[in-house]
Amino acid sequence: MSTPTTDRSQLSTGSARTSDPRAHRGRPPGVLRVGLSRGWLEIRTFCREWESVVFTFSLPALILAMFASIFDGMFDMGMPSVDYYLPGLIAMGLMSVSFQTLGTTIASEREHGGLRRLRGTPMPPSAYFVGKTVLVLFLALGQVGLLLGMGWLLFDASLPTTATAWATIAWVFVLGTVGCSLLGIAVSSLARTTQAASTVVVVPFLVLQFTSGIFVPVIALPDWVLTGASLFPLLWMAQGLRAAFFPEQMAAMEPSGAWDLHLVAVALGAWCVVGLVLTLLTFRWKTRKDG
Amino acid sequence: MSETVIEAEGLKKKYGDTEAVAGIDLSIARGEIFSFLGPNGAGKSTTVEILEGFRNRDGGSARVLGEDPGRAGREWRSRVGIVWQQETMVPKLAVRDVVRHFAGYYPLPHDPDAVIELVGLGHKAEDLAESLSGGQRRRLDVALGIVGQPELLFLDEPTTGFDPRARREFWGLIRDLAARGTTIVLTTHYLEEAEELADRVCVIARGRVRAVDTPAALGGRASAQATVGWLEDGERREVLTDEPTRVVSELAGRFTGEVPELSVHRPTLEEIYLGMVKDTDEAEEAAA
(Lines give C-alpha, C1' and ligand atoms only; values in the text may rest on other atoms or scores of the structure.)
Protein backbone atom coordinates (compact mmCIF):
# COMPACT_ATOMS: atom_id res chain seq x y z
CA MET A 1 0.00 0.00 0.00
CA SER A 2 1.47 3.33 -0.92
CA THR A 3 1.91 6.18 1.51
CA PRO A 4 -0.74 8.87 1.71
CA THR A 5 -0.17 11.43 -0.97
CA THR A 6 -0.66 15.10 -0.41
CA ASP A 7 0.95 16.04 -3.66
CA ARG A 8 -1.10 19.00 -4.83
CA SER A 9 0.27 18.74 -8.33
CA GLN A 10 -1.41 15.37 -8.71
CA LEU A 11 -4.23 16.87 -10.72
CA SER A 12 -2.01 18.39 -13.34
CA THR A 13 0.63 15.69 -13.46
CA GLY A 14 -1.85 12.86 -13.56
CA SER A 15 -0.07 10.48 -11.20
CA ALA A 16 -1.66 7.08 -10.85
CA ARG A 17 -4.04 6.30 -8.06
CA THR A 18 -3.21 3.96 -5.25
CA SER A 19 -4.70 0.50 -5.45
CA ASP A 20 -7.04 1.13 -2.55
CA PRO A 21 -8.28 4.72 -2.82
CA ARG A 22 -9.86 4.55 0.61
CA ALA A 23 -6.48 4.10 2.18
CA HIS A 24 -5.38 7.69 1.67
CA ARG A 25 -8.63 9.47 2.36
CA GLY A 26 -9.09 10.28 6.07
CA ARG A 27 -12.37 11.07 7.68
CA PRO A 28 -14.30 14.01 6.23
CA PRO A 29 -13.82 17.32 8.10
CA GLY A 30 -15.85 17.68 11.30
CA VAL A 31 -19.23 19.34 11.82
CA LEU A 32 -17.90 22.37 13.65
CA ARG A 33 -15.22 23.16 11.09
CA VAL A 34 -17.55 22.78 8.12
CA GLY A 35 -20.33 24.58 10.02
CA LEU A 36 -18.16 27.61 10.76
CA SER A 37 -16.97 27.64 7.17
CA ARG A 38 -20.61 27.65 6.09
CA GLY A 39 -21.36 30.45 8.54
CA TRP A 40 -18.60 32.57 7.05
CA LEU A 41 -19.92 31.78 3.57
CA GLU A 42 -23.47 32.70 4.62
CA ILE A 43 -22.36 36.03 6.05
CA ARG A 44 -20.35 36.94 2.95
CA THR A 45 -23.24 35.92 0.71
CA PHE A 46 -25.76 37.93 2.74
CA CYS A 47 -23.61 41.05 2.60
CA ARG A 48 -23.25 40.68 -1.18
CA GLU A 49 -26.93 41.34 -1.61
CA TRP A 50 -27.36 44.98 -0.81
CA GLU A 51 -31.15 44.84 -1.29
CA SER A 52 -31.44 42.44 1.60
CA VAL A 53 -29.07 44.54 3.67
CA VAL A 54 -31.08 47.70 3.09
CA PHE A 55 -34.63 46.37 3.18
CA THR A 56 -34.48 43.47 5.58
CA PHE A 57 -31.72 44.48 7.88
CA SER A 58 -32.17 48.25 8.10
CA LEU A 59 -35.95 48.46 8.10
CA PRO A 60 -36.41 48.49 11.90
CA ALA A 61 -33.70 51.18 12.17
CA LEU A 62 -35.38 53.30 9.48
CA ILE A 63 -38.69 52.97 11.29
CA LEU A 64 -37.06 53.91 14.59
CA ALA A 65 -35.55 57.00 13.00
CA MET A 66 -38.92 58.06 11.59
CA PHE A 67 -40.91 57.38 14.74
CA ALA A 68 -38.31 59.04 16.95
CA SER A 69 -38.31 62.20 14.84
CA ILE A 70 -41.96 62.43 13.75
CA PHE A 71 -43.95 61.06 16.69
CA ASP A 72 -41.97 62.69 19.45
CA GLY A 73 -44.43 64.69 21.57
CA MET A 74 -47.30 63.95 19.20
CA PHE A 75 -49.03 61.49 21.54
CA ASP A 76 -48.94 61.18 25.27
CA MET A 77 -46.79 58.09 25.71
CA GLY A 78 -45.43 59.06 29.06
CA MET A 79 -41.86 58.89 27.66
CA PRO A 80 -39.87 60.07 24.61
CA SER A 81 -41.04 58.20 21.51
CA VAL A 82 -37.58 56.75 20.87
CA ASP A 83 -37.71 55.00 24.23
CA TYR A 84 -41.26 53.91 23.63
CA TYR A 85 -40.61 52.23 20.27
CA LEU A 86 -37.07 50.89 20.87
CA PRO A 87 -37.90 47.52 22.58
CA GLY A 88 -40.67 46.67 20.10
CA LEU A 89 -38.48 47.47 17.11
CA ILE A 90 -35.64 45.37 18.54
CA ALA A 91 -38.11 42.47 18.80
CA MET A 92 -39.22 43.10 15.22
CA GLY A 93 -35.60 43.30 14.06
CA LEU A 94 -34.76 39.99 15.74
CA MET A 95 -37.73 38.29 14.13
CA SER A 96 -36.82 39.82 10.78
CA VAL A 97 -33.23 38.53 10.75
CA SER A 98 -34.26 35.09 11.95
CA PHE A 99 -37.78 34.23 10.73
CA GLN A 100 -37.87 36.33 7.58
CA THR A 101 -34.26 35.82 6.48
CA LEU A 102 -34.30 32.05 6.95
CA GLY A 103 -37.84 31.56 5.64
CA THR A 104 -37.10 33.24 2.33
CA THR A 105 -33.47 32.25 1.74
CA ILE A 106 -33.91 28.56 2.53
CA ALA A 107 -36.95 28.36 0.24
CA SER A 108 -34.86 29.91 -2.53
CA GLU A 109 -31.92 27.56 -1.90
CA ARG A 110 -34.30 24.62 -2.03
CA GLU A 111 -36.06 25.76 -5.21
CA HIS A 112 -32.83 26.43 -7.07
CA GLY A 113 -31.17 23.17 -6.12
CA GLY A 114 -28.65 24.67 -3.70
CA LEU A 115 -29.75 22.29 -0.95
CA ARG A 116 -29.71 19.28 -3.27
CA ARG A 117 -26.20 20.17 -4.36
CA LEU A 118 -25.11 20.24 -0.71
CA ARG A 119 -26.74 16.89 -0.07
CA GLY A 120 -24.58 15.42 -2.83
CA THR A 121 -21.40 16.37 -0.94
CA PRO A 122 -20.03 14.93 2.30
CA MET A 123 -21.08 18.11 4.14
CA PRO A 124 -22.66 16.96 7.42
CA PRO A 125 -26.32 18.06 7.38
CA SER A 126 -25.96 19.58 10.84
CA ALA A 127 -23.17 21.84 9.52
CA TYR A 128 -25.75 23.54 7.33
CA PHE A 129 -27.72 24.48 10.44
CA VAL A 130 -24.59 25.53 12.31
CA GLY A 131 -23.93 27.88 9.38
CA LYS A 132 -27.44 29.31 9.56
CA THR A 133 -27.03 29.76 13.32
CA VAL A 134 -23.81 31.69 12.80
CA LEU A 135 -25.52 33.89 10.19
CA VAL A 136 -28.55 34.62 12.34
CA LEU A 137 -26.41 35.28 15.41
CA PHE A 138 -24.29 37.72 13.41
CA LEU A 139 -27.34 39.50 12.00
CA ALA A 140 -29.18 39.53 15.33
CA LEU A 141 -26.24 41.04 17.21
CA GLY A 142 -25.82 43.55 14.40
CA GLN A 143 -29.51 44.37 14.54
CA VAL A 144 -29.48 45.01 18.30
CA GLY A 145 -26.25 46.97 17.99
CA LEU A 146 -27.64 49.12 15.18
CA LEU A 147 -30.90 49.93 16.97
CA LEU A 148 -29.31 50.60 20.35
CA GLY A 149 -26.47 52.58 18.81
CA MET A 150 -28.77 54.70 16.69
CA GLY A 151 -31.25 55.28 19.50
CA TRP A 152 -28.53 56.20 21.91
CA LEU A 153 -26.32 58.30 19.64
CA LEU A 154 -28.89 60.08 17.49
CA PHE A 155 -31.99 60.26 19.65
CA ASP A 156 -30.60 60.15 23.15
CA ALA A 157 -32.54 57.02 24.10
CA SER A 158 -32.25 55.94 27.72
CA LEU A 159 -30.81 52.43 27.85
CA PRO A 160 -31.30 49.97 30.74
CA THR A 161 -28.85 50.44 33.59
CA THR A 162 -29.36 47.39 35.78
CA ALA A 163 -27.73 43.98 35.34
CA THR A 164 -31.15 42.36 35.79
CA ALA A 165 -32.52 44.30 32.82
CA TRP A 166 -29.58 43.30 30.60
CA ALA A 167 -29.95 39.68 31.70
CA THR A 168 -33.61 39.83 30.64
CA ILE A 169 -32.57 41.25 27.27
CA ALA A 170 -30.05 38.43 26.89
CA TRP A 171 -32.47 35.56 27.49
CA VAL A 172 -35.28 37.12 25.47
CA PHE A 173 -32.73 37.61 22.68
CA VAL A 174 -31.64 33.97 22.76
CA LEU A 175 -35.04 32.30 23.20
CA GLY A 176 -36.80 34.66 20.78
CA THR A 177 -34.19 34.39 18.05
CA VAL A 178 -33.92 30.61 18.31
CA GLY A 179 -37.70 30.17 18.28
CA CYS A 180 -38.17 32.51 15.31
CA SER A 181 -35.29 30.88 13.40
CA LEU A 182 -36.79 27.42 13.76
CA LEU A 183 -40.19 28.78 12.76
CA GLY A 184 -38.58 30.38 9.69
CA ILE A 185 -36.90 27.10 8.67
CA ALA A 186 -40.23 25.29 9.06
CA VAL A 187 -42.10 27.93 7.04
CA SER A 188 -39.58 27.68 4.20
CA SER A 189 -40.87 24.14 3.57
CA LEU A 190 -44.46 25.35 3.20
CA ALA A 191 -43.76 27.36 0.09
CA ARG A 192 -43.34 25.69 -3.28
CA THR A 193 -41.47 28.58 -4.85
CA THR A 194 -39.34 31.50 -3.80
CA GLN A 195 -42.06 33.99 -4.66
CA ALA A 196 -44.58 32.03 -2.62
CA ALA A 197 -42.11 31.98 0.24
CA SER A 198 -41.83 35.73 0.40
CA THR A 199 -45.62 35.94 0.70
CA VAL A 200 -45.89 33.10 3.19
CA VAL A 201 -43.20 34.78 5.28
CA VAL A 202 -43.72 38.50 4.85
CA VAL A 203 -47.51 38.73 5.18
CA PRO A 204 -47.86 36.85 8.49
CA PHE A 205 -44.86 38.74 9.83
CA LEU A 206 -46.45 42.07 8.89
CA VAL A 207 -49.73 41.08 10.52
CA LEU A 208 -47.88 40.07 13.66
CA GLN A 209 -46.06 43.41 13.78
CA PHE A 210 -49.41 45.22 13.98
CA THR A 211 -50.96 42.79 16.46
CA SER A 212 -48.02 42.20 18.79
CA GLY A 213 -47.55 45.69 20.20
CA ILE A 214 -44.71 46.82 17.93
CA PHE A 215 -46.51 49.82 16.38
CA VAL A 216 -49.80 49.82 18.31
CA PRO A 217 -49.77 49.55 22.14
CA VAL A 218 -51.06 46.12 23.25
CA ILE A 219 -53.53 47.77 25.59
CA ALA A 220 -55.27 49.37 22.60
CA LEU A 221 -55.81 46.03 20.87
CA PRO A 222 -59.10 44.09 21.05
CA ASP A 223 -58.95 40.95 23.17
CA TRP A 224 -59.35 38.51 20.29
CA VAL A 225 -56.50 40.13 18.38
CA LEU A 226 -54.31 39.92 21.45
CA THR A 227 -55.24 36.29 22.02
CA GLY A 228 -54.35 35.46 18.42
CA ALA A 229 -51.03 37.29 18.55
CA SER A 230 -50.11 35.69 21.86
CA LEU A 231 -49.94 32.33 20.08
CA PHE A 232 -46.82 33.61 18.28
CA PRO A 233 -43.42 34.62 19.63
CA LEU A 234 -43.23 38.28 18.56
CA LEU A 235 -45.70 39.54 21.20
CA TRP A 236 -43.72 37.85 23.96
CA MET A 237 -40.37 39.06 22.69
CA ALA A 238 -41.66 42.64 22.65
CA GLN A 239 -43.16 42.26 26.13
CA GLY A 240 -39.94 40.81 27.55
CA LEU A 241 -37.90 43.64 26.05
CA ARG A 242 -40.33 46.29 27.32
CA ALA A 243 -39.88 44.82 30.79
CA ALA A 244 -36.14 45.42 30.44
CA PHE A 245 -36.29 48.88 28.80
CA PHE A 246 -39.35 50.55 30.34
CA PRO A 247 -39.59 52.07 33.80
CA GLU A 248 -41.40 49.84 36.32
CA GLN A 249 -44.61 51.91 36.40
CA MET A 250 -45.18 51.26 32.66
CA ALA A 251 -46.17 47.69 33.60
CA ALA A 252 -49.61 49.16 34.23
CA MET A 253 -49.93 49.58 30.46
CA GLU A 254 -49.63 45.81 29.91
CA PRO A 255 -52.85 43.80 29.47
CA SER A 256 -52.45 42.07 32.84
CA GLY A 257 -50.93 45.10 34.54
CA ALA A 258 -47.63 43.25 35.06
CA TRP A 259 -44.60 42.24 32.96
CA ASP A 260 -45.31 38.51 33.44
CA LEU A 261 -41.74 37.52 32.59
CA HIS A 262 -42.42 33.92 33.58
CA LEU A 263 -45.09 33.76 30.85
CA VAL A 264 -42.65 35.32 28.38
CA ALA A 265 -40.10 32.60 29.18
CA VAL A 266 -42.67 29.82 28.93
CA ALA A 267 -44.10 31.09 25.62
CA LEU A 268 -40.71 31.60 23.97
CA GLY A 269 -39.38 28.31 25.34
CA ALA A 270 -42.47 26.55 23.99
CA TRP A 271 -41.83 28.10 20.56
CA CYS A 272 -38.28 26.76 20.57
CA VAL A 273 -39.63 23.25 21.16
CA VAL A 274 -42.52 23.57 18.69
CA GLY A 275 -40.23 25.14 16.10
CA LEU A 276 -37.70 22.33 16.47
CA VAL A 277 -40.39 19.68 16.07
CA LEU A 278 -41.86 21.45 13.02
CA THR A 279 -38.40 21.82 11.49
CA LEU A 280 -37.55 18.16 12.00
CA LEU A 281 -40.88 17.10 10.56
CA THR A 282 -40.87 19.36 7.52
CA PHE A 283 -37.28 19.99 6.46
CA ARG A 284 -36.50 18.67 2.98
CA TRP A 285 -33.32 18.94 0.92
CA LYS A 286 -35.26 18.50 -2.29
CA THR A 287 -38.34 20.12 -3.76
CA ARG A 288 -41.54 18.13 -4.10
CA LYS A 289 -40.97 17.57 -7.80
CA ASP A 290 -37.56 16.01 -7.10
CA GLY A 291 -39.40 13.29 -5.20
CA MET B 1 -8.19 -2.91 -13.23
CA SER B 2 -11.37 -4.93 -13.52
CA GLU B 3 -12.60 -3.97 -10.06
CA THR B 4 -16.35 -3.38 -10.12
CA VAL B 5 -17.41 0.05 -8.93
CA ILE B 6 -21.14 -0.19 -9.63
CA GLU B 7 -23.09 -3.42 -9.42
CA ALA B 8 -26.87 -3.44 -9.66
CA GLU B 9 -29.33 -6.25 -10.00
CA GLY B 10 -33.04 -6.03 -10.72
CA LEU B 11 -33.37 -2.35 -9.81
CA LYS B 12 -37.02 -1.32 -9.63
CA LYS B 13 -38.80 1.95 -9.01
CA LYS B 14 -42.48 2.75 -9.37
CA TYR B 15 -44.14 6.15 -9.45
CA GLY B 16 -47.80 5.50 -8.81
CA ASP B 17 -48.73 2.85 -11.34
CA THR B 18 -45.86 3.56 -13.73
CA GLU B 19 -42.79 1.40 -13.51
CA ALA B 20 -40.08 3.95 -14.22
CA VAL B 21 -37.36 1.38 -13.65
CA ALA B 22 -38.51 -2.16 -14.35
CA GLY B 23 -35.58 -4.39 -13.43
CA ILE B 24 -32.18 -3.01 -14.41
CA ASP B 25 -28.90 -4.92 -14.10
CA LEU B 26 -25.58 -3.11 -14.37
CA SER B 27 -21.91 -3.75 -13.82
CA ILE B 28 -19.46 -0.88 -14.24
CA ALA B 29 -15.69 -1.28 -13.81
CA ARG B 30 -13.23 1.12 -12.23
CA GLY B 31 -11.90 3.70 -14.67
CA GLU B 32 -14.64 3.05 -17.18
CA ILE B 33 -16.63 5.79 -18.92
CA PHE B 34 -20.13 4.40 -18.95
CA SER B 35 -22.85 6.26 -20.75
CA PHE B 36 -26.60 6.00 -20.38
CA LEU B 37 -28.69 6.75 -23.44
CA GLY B 38 -32.43 6.80 -23.60
CA PRO B 39 -35.44 8.93 -24.41
CA ASN B 40 -36.84 11.31 -21.77
CA GLY B 41 -38.81 9.41 -19.18
CA ALA B 42 -37.09 6.12 -20.05
CA GLY B 43 -35.89 5.64 -16.49
CA LYS B 44 -32.25 6.63 -16.90
CA SER B 45 -32.43 9.62 -14.52
CA THR B 46 -34.21 7.54 -11.90
CA THR B 47 -31.58 4.80 -12.28
CA VAL B 48 -28.76 7.30 -11.89
CA GLU B 49 -30.46 8.92 -8.88
CA ILE B 50 -30.76 5.53 -7.20
CA LEU B 51 -27.04 4.94 -7.78
CA GLU B 52 -26.25 8.43 -6.45
CA GLY B 53 -28.17 7.66 -3.27
CA PHE B 54 -30.78 10.32 -4.03
CA ARG B 55 -33.75 8.08 -4.54
CA ASN B 56 -34.96 4.96 -2.81
CA ARG B 57 -35.47 1.89 -4.90
CA ASP B 58 -38.53 -0.30 -4.60
CA GLY B 59 -36.66 -3.48 -5.45
CA GLY B 60 -33.36 -5.01 -6.44
CA SER B 61 -29.89 -4.58 -5.05
CA ALA B 62 -27.24 -1.95 -5.66
CA ARG B 63 -23.60 -1.72 -4.61
CA VAL B 64 -21.74 1.46 -5.43
CA LEU B 65 -18.11 1.64 -4.28
CA GLY B 66 -18.86 -1.36 -2.14
CA GLU B 67 -21.80 0.17 -0.30
CA ASP B 68 -25.54 0.42 -0.64
CA PRO B 69 -26.06 3.96 -2.00
CA GLY B 70 -29.39 4.22 -0.19
CA ARG B 71 -27.65 3.92 3.18
CA ALA B 72 -24.19 5.25 2.54
CA GLY B 73 -22.76 7.95 4.77
CA ARG B 74 -20.42 10.90 4.50
CA GLU B 75 -17.30 8.87 3.82
CA TRP B 76 -18.98 7.31 0.81
CA ARG B 77 -20.18 10.77 -0.32
CA SER B 78 -16.62 12.05 -0.20
CA ARG B 79 -15.67 9.44 -2.83
CA VAL B 80 -18.49 10.37 -5.21
CA GLY B 81 -18.82 13.51 -7.33
CA ILE B 82 -22.05 14.69 -8.91
CA VAL B 83 -22.56 17.19 -11.70
CA TRP B 84 -26.25 17.97 -11.71
CA GLN B 85 -28.41 18.29 -14.75
CA GLN B 86 -30.19 21.58 -14.23
CA GLU B 87 -28.45 24.79 -13.46
CA THR B 88 -27.99 24.48 -9.74
CA MET B 89 -27.62 27.43 -7.40
CA VAL B 90 -24.14 28.37 -6.28
CA PRO B 91 -23.33 30.90 -3.54
CA LYS B 92 -23.06 34.50 -4.72
CA LEU B 93 -19.31 34.66 -4.38
CA ALA B 94 -16.25 34.68 -6.59
CA VAL B 95 -15.57 31.43 -8.45
CA ARG B 96 -12.39 30.82 -6.42
CA ASP B 97 -14.21 31.31 -3.09
CA VAL B 98 -16.99 28.93 -4.10
CA VAL B 99 -14.60 26.17 -5.19
CA ARG B 100 -12.44 26.68 -2.08
CA HIS B 101 -15.48 26.45 0.15
CA PHE B 102 -16.68 23.20 -1.41
CA ALA B 103 -13.16 21.75 -1.24
CA GLY B 104 -13.47 22.19 2.53
CA TYR B 105 -16.18 19.51 2.69
CA TYR B 106 -13.78 16.76 1.56
CA PRO B 107 -11.07 14.87 3.39
CA LEU B 108 -8.61 14.97 0.49
CA PRO B 109 -9.61 17.62 -2.04
CA HIS B 110 -7.73 18.74 -5.10
CA ASP B 111 -6.09 22.14 -4.99
CA PRO B 112 -9.02 24.47 -5.79
CA ASP B 113 -6.92 26.70 -8.04
CA ALA B 114 -5.71 23.71 -10.05
CA VAL B 115 -9.31 22.54 -10.50
CA ILE B 116 -10.40 26.01 -11.66
CA GLU B 117 -7.52 26.00 -14.14
CA LEU B 118 -8.40 22.50 -15.30
CA VAL B 119 -12.01 23.35 -16.18
CA GLY B 120 -10.82 26.43 -18.03
CA LEU B 121 -12.06 29.09 -15.63
CA GLY B 122 -8.61 30.36 -14.64
CA HIS B 123 -9.30 33.79 -16.13
CA LYS B 124 -12.67 33.94 -14.34
CA ALA B 125 -11.51 32.92 -10.86
CA GLU B 126 -12.12 36.38 -9.41
CA ASP B 127 -15.51 36.86 -11.09
CA LEU B 128 -18.80 36.31 -9.35
CA ALA B 129 -20.16 32.83 -10.03
CA GLU B 130 -23.45 34.47 -10.99
CA SER B 131 -21.87 36.50 -13.75
CA LEU B 132 -20.65 33.45 -15.69
CA SER B 133 -22.17 32.46 -19.02
CA GLY B 134 -24.15 29.22 -19.34
CA GLY B 135 -21.20 27.17 -20.52
CA GLN B 136 -18.93 28.66 -17.85
CA ARG B 137 -21.52 27.84 -15.18
CA ARG B 138 -21.44 24.22 -16.34
CA ARG B 139 -17.66 24.24 -15.98
CA LEU B 140 -18.04 25.55 -12.45
CA ASP B 141 -20.52 22.71 -11.78
CA VAL B 142 -17.91 20.29 -13.07
CA ALA B 143 -15.24 21.92 -10.88
CA LEU B 144 -17.47 21.45 -7.82
CA GLY B 145 -18.12 17.84 -8.87
CA ILE B 146 -14.43 16.92 -9.09
CA VAL B 147 -12.85 19.11 -6.40
CA GLY B 148 -13.28 16.34 -3.81
CA GLN B 149 -11.14 14.03 -5.93
CA PRO B 150 -13.95 11.53 -6.50
CA GLU B 151 -13.39 7.92 -7.48
CA LEU B 152 -16.77 7.95 -9.17
CA LEU B 153 -18.20 10.92 -11.04
CA PHE B 154 -21.80 11.22 -12.20
CA LEU B 155 -22.27 13.64 -15.09
CA ASP B 156 -25.82 14.49 -16.07
CA GLU B 157 -26.07 16.28 -19.44
CA PRO B 158 -22.75 17.99 -18.74
CA THR B 159 -22.25 19.83 -22.03
CA THR B 160 -25.70 21.34 -22.56
CA GLY B 161 -25.15 24.90 -23.69
CA PHE B 162 -21.51 24.39 -24.69
CA ASP B 163 -20.26 25.61 -28.03
CA PRO B 164 -18.54 22.92 -30.17
CA ARG B 165 -15.04 23.94 -29.15
CA ALA B 166 -15.87 24.04 -25.44
CA ARG B 167 -17.46 20.62 -25.81
CA ARG B 168 -14.26 19.17 -27.35
CA GLU B 169 -12.19 20.65 -24.51
CA PHE B 170 -14.58 19.23 -21.98
CA TRP B 171 -14.33 15.77 -23.54
CA GLY B 172 -10.56 15.98 -23.16
CA LEU B 173 -11.00 16.78 -19.48
CA ILE B 174 -13.29 13.78 -18.94
CA ARG B 175 -10.85 11.46 -20.72
CA ASP B 176 -8.05 12.73 -18.48
CA LEU B 177 -10.09 12.02 -15.37
CA ALA B 178 -10.91 8.51 -16.60
CA ALA B 179 -7.29 7.85 -17.49
CA ARG B 180 -6.47 8.57 -13.85
CA GLY B 181 -8.85 5.89 -12.69
CA THR B 182 -11.98 7.98 -12.10
CA THR B 183 -15.04 5.99 -13.05
CA ILE B 184 -17.45 8.15 -15.02
CA VAL B 185 -21.17 7.64 -15.39
CA LEU B 186 -22.39 9.93 -18.15
CA THR B 187 -26.00 10.65 -19.02
CA THR B 188 -26.36 12.50 -22.27
CA HIS B 189 -28.67 13.27 -25.13
CA TYR B 190 -25.81 13.87 -27.52
CA LEU B 191 -25.03 10.61 -29.29
CA GLU B 192 -21.78 11.93 -30.66
CA GLU B 193 -20.76 12.69 -27.08
CA ALA B 194 -21.43 9.10 -26.02
CA GLU B 195 -19.61 7.82 -29.11
CA GLU B 196 -16.64 10.07 -28.49
CA LEU B 197 -16.26 9.38 -24.78
CA ALA B 198 -17.87 6.18 -23.65
CA ASP B 199 -16.15 2.84 -23.29
CA ARG B 200 -19.60 1.32 -23.15
CA VAL B 201 -23.05 2.73 -23.75
CA CYS B 202 -26.23 1.43 -22.20
CA VAL B 203 -29.52 2.08 -23.93
CA ILE B 204 -32.45 2.30 -21.52
CA ALA B 205 -36.02 2.44 -22.81
CA ARG B 206 -39.24 1.90 -20.91
CA GLY B 207 -37.43 1.16 -17.69
CA ARG B 208 -35.23 -1.65 -19.01
CA VAL B 209 -31.74 -2.07 -20.40
CA ARG B 210 -32.11 -2.66 -24.14
CA ALA B 211 -28.44 -3.04 -24.96
CA VAL B 212 -25.01 -2.58 -23.41
CA ASP B 213 -21.97 -2.51 -25.64
CA THR B 214 -19.13 -0.42 -26.96
CA PRO B 215 -20.37 2.44 -29.14
CA ALA B 216 -18.79 0.76 -32.17
CA ALA B 217 -20.54 -2.56 -31.62
CA LEU B 218 -23.87 -1.46 -30.16
CA GLY B 219 -26.85 -3.26 -31.66
CA GLY B 220 -24.64 -5.27 -34.01
CA ARG B 221 -23.37 -2.07 -35.54
CA ALA B 222 -19.88 -3.42 -36.24
CA SER B 223 -21.23 -6.34 -38.26
CA ALA B 224 -24.20 -4.47 -39.71
CA GLN B 225 -24.58 -4.30 -43.46
CA ALA B 226 -23.34 -1.25 -45.27
CA THR B 227 -25.32 0.64 -47.85
CA VAL B 228 -23.53 1.38 -51.10
CA GLY B 229 -25.25 4.04 -53.17
CA TRP B 230 -24.61 5.61 -56.55
CA LEU B 231 -26.37 7.34 -59.44
CA GLU B 232 -27.08 5.30 -62.59
CA ASP B 233 -29.28 6.30 -65.55
CA GLY B 234 -30.45 9.34 -63.61
CA GLU B 235 -31.68 7.18 -60.73
CA ARG B 236 -30.37 6.69 -57.24
CA ARG B 237 -29.38 3.05 -56.67
CA GLU B 238 -28.68 1.42 -53.31
CA VAL B 239 -27.36 -2.00 -52.32
CA LEU B 240 -27.32 -3.39 -48.80
CA THR B 241 -24.24 -5.57 -48.48
CA ASP B 242 -21.85 -7.38 -46.16
CA GLU B 243 -19.04 -6.71 -48.62
CA PRO B 244 -19.06 -3.03 -49.55
CA THR B 245 -15.48 -3.22 -50.86
CA ARG B 246 -16.43 -5.85 -53.42
CA VAL B 247 -19.50 -3.86 -54.51
CA VAL B 248 -17.45 -0.72 -54.94
CA SER B 249 -14.78 -2.46 -56.99
CA GLU B 250 -17.46 -3.97 -59.25
CA LEU B 251 -18.95 -0.54 -59.72
CA ALA B 252 -15.50 0.83 -60.52
CA GLY B 253 -15.26 -1.76 -63.32
CA ARG B 254 -18.68 -0.92 -64.71
CA PHE B 255 -18.17 2.82 -64.90
CA THR B 256 -15.42 4.59 -66.72
CA GLY B 257 -13.83 7.04 -64.32
CA GLU B 258 -15.72 8.23 -61.27
CA VAL B 259 -18.81 6.37 -60.07
CA PRO B 260 -21.43 9.17 -59.88
CA GLU B 261 -22.36 10.17 -56.34
CA LEU B 262 -20.74 7.07 -54.83
CA SER B 263 -21.34 6.64 -51.10
CA VAL B 264 -20.71 3.89 -48.57
CA HIS B 265 -22.75 4.28 -45.43
CA ARG B 266 -22.58 2.30 -42.22
CA PRO B 267 -25.29 2.83 -39.60
CA THR B 268 -24.44 5.64 -37.19
CA LEU B 269 -24.85 5.24 -33.46
CA GLU B 270 -27.85 7.51 -33.76
CA GLU B 271 -29.55 5.25 -36.33
CA ILE B 272 -28.89 2.15 -34.22
CA TYR B 273 -30.14 3.91 -31.11
CA LEU B 274 -33.29 5.31 -32.72
CA GLY B 275 -34.03 1.89 -34.21
CA MET B 276 -33.74 0.32 -30.77
CA VAL B 277 -36.01 2.86 -29.12
CA LYS B 278 -38.57 2.47 -31.90
CA ASP B 279 -38.51 -1.35 -31.67
CA THR B 280 -39.04 -1.12 -27.92
CA ASP B 281 -42.00 1.20 -28.34
CA GLU B 282 -43.58 -1.03 -30.97
CA ALA B 283 -43.04 -4.20 -28.95
CA GLU B 284 -44.53 -2.60 -25.83
CA GLU B 285 -47.51 -1.29 -27.75
CA ALA B 286 -48.11 -4.67 -29.37
CA ALA B 287 -47.95 -6.29 -25.93
CA ALA B 288 -50.40 -3.76 -24.48
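**Entry 1: chain A, residues 84-108**

I began with residues 84-108 of chain A, and this span is 100% helix and 0% strand, where helices are DSSP runs of H or I with at least four residues, strands are runs of E with at least two, and both are numbered from the N terminus. Its end C-alpha atoms lie 36 Å apart. I noted that this is a predicted model, in which local features need pLDDT of at least 70, side-chain atom pairs count only at pLDDT 80 or more, and totals for chains, interfaces and linings use all residues. Residues are numbered from 1 along each chain as its sequence is written, while chains are lettered from A and ligands numbered from 1 in the order in which they are written.

I then checked the record for this stretch. The unreviewed UniProt entry annotates "transmembrane region" over residues 53-72, 84-108, 129-153, 165-187, 199-221 and 261-283 of chain A; positions follow the numbering used here, feature names are shortened, and annotations may be inferred rather than shown by experiment. For residues 53-72 of chain A I found 85% helix and 0% strand, with 27 Å between the end C-alpha atoms.

**Entry 2: chain A as a whole**

I counted up the secondary structure next: chain A has 12 helices and zero strands. Of its 291 residues, 42% count as buried, meaning that 20 or more other C-beta atoms lie within 10 Å of the residue's own; 12 or fewer make a residue exposed, anything in between partly exposed, and C-beta atoms are placed from the backbone. Among contacts in chain A with a separation of 6 or more, 80% come from residues 24 or more positions apart; a contact here is two residues whose C-beta atoms, placed from the backbone, lie within 7 Å.

I also stopped at Asp156(A), which sits in the loop between α7 (125-155) and α8 (163-190) of chain A. Its phi is positive, about 55°, although it is not a glycine. Most residues other than glycine have a negative phi. Asp156(A) counts as exposed, because it has 11 C-beta neighbours inside 10 Å.

**Entry 3: where A meets B**

How many residues of chain A are in contact with chain B? I get 31 residues of chain A against 32 residues of chain B. On the chain A side, α1 (10-13), α2 (31-48) and α6 (114-119) are the elements that give two or more residues. The largest share, six residues, comes from α2(A). By class I noted nine nonpolar, 12 polar and 10 charged residues on this side; nonpolar covers Ala, Val, Leu, Ile, Met, Phe, Trp, Tyr, Cys and Pro, charged covers Asp, Glu, Lys and Arg, and polar takes the others, Gly among them.

**Entry 4: chain B and its domains**

I turned to chain B and found nine helices and 12 strands. Its C-alpha trace spans about 70 × 50 × 35 Å along the principal axes, and 42% of its 288 residues count as buried.

The domain assignment gives domain 1 (4-218) and domain 2 (220-287) of chain B, with bounds from an automatic or database assignment. Their C-alpha centres lie 35 Å apart. The contact takes 14 residues from domain 1 and 10 residues from domain 2. On the domain 1 side, α7, β8 (200-205) and β9 (208-213) of chain B each supply at least two residues, and α7(B) gives the most, with three. I see 11 nonpolar, no polar and three charged residues on that side.

**Entry 5: helix α6 of chain B**

I looked along α6 (residues 164-179) of chain B, which has 16 residues. From first C-alpha to last it reaches 23 Å, close to the 22 Å expected at 1.5 Å a residue, the expected span being 1.5 Å times one less than the number of residues. Phe170(B), Ile174(B), Leu177(B) and Ala178(B) are buried in this helix. Down the axis of α6(B), the buried residues fall within an arc of 95°, so they line one face; the arc is that of the directions from the helix axis to the C-beta atoms.

Which residues sit on the face turned away from the buried side of α6(B)? I listed the exposed Arg165(B), Arg168(B), Gly172(B) and Ala179(B). The buried residues pack against β3 (33-37), α5 (134-146), β6 (152-156), β7 (183-187) and α7 (191-197) of chain B. After α6(B) comes Gly181(B), with a positive phi near 100°.
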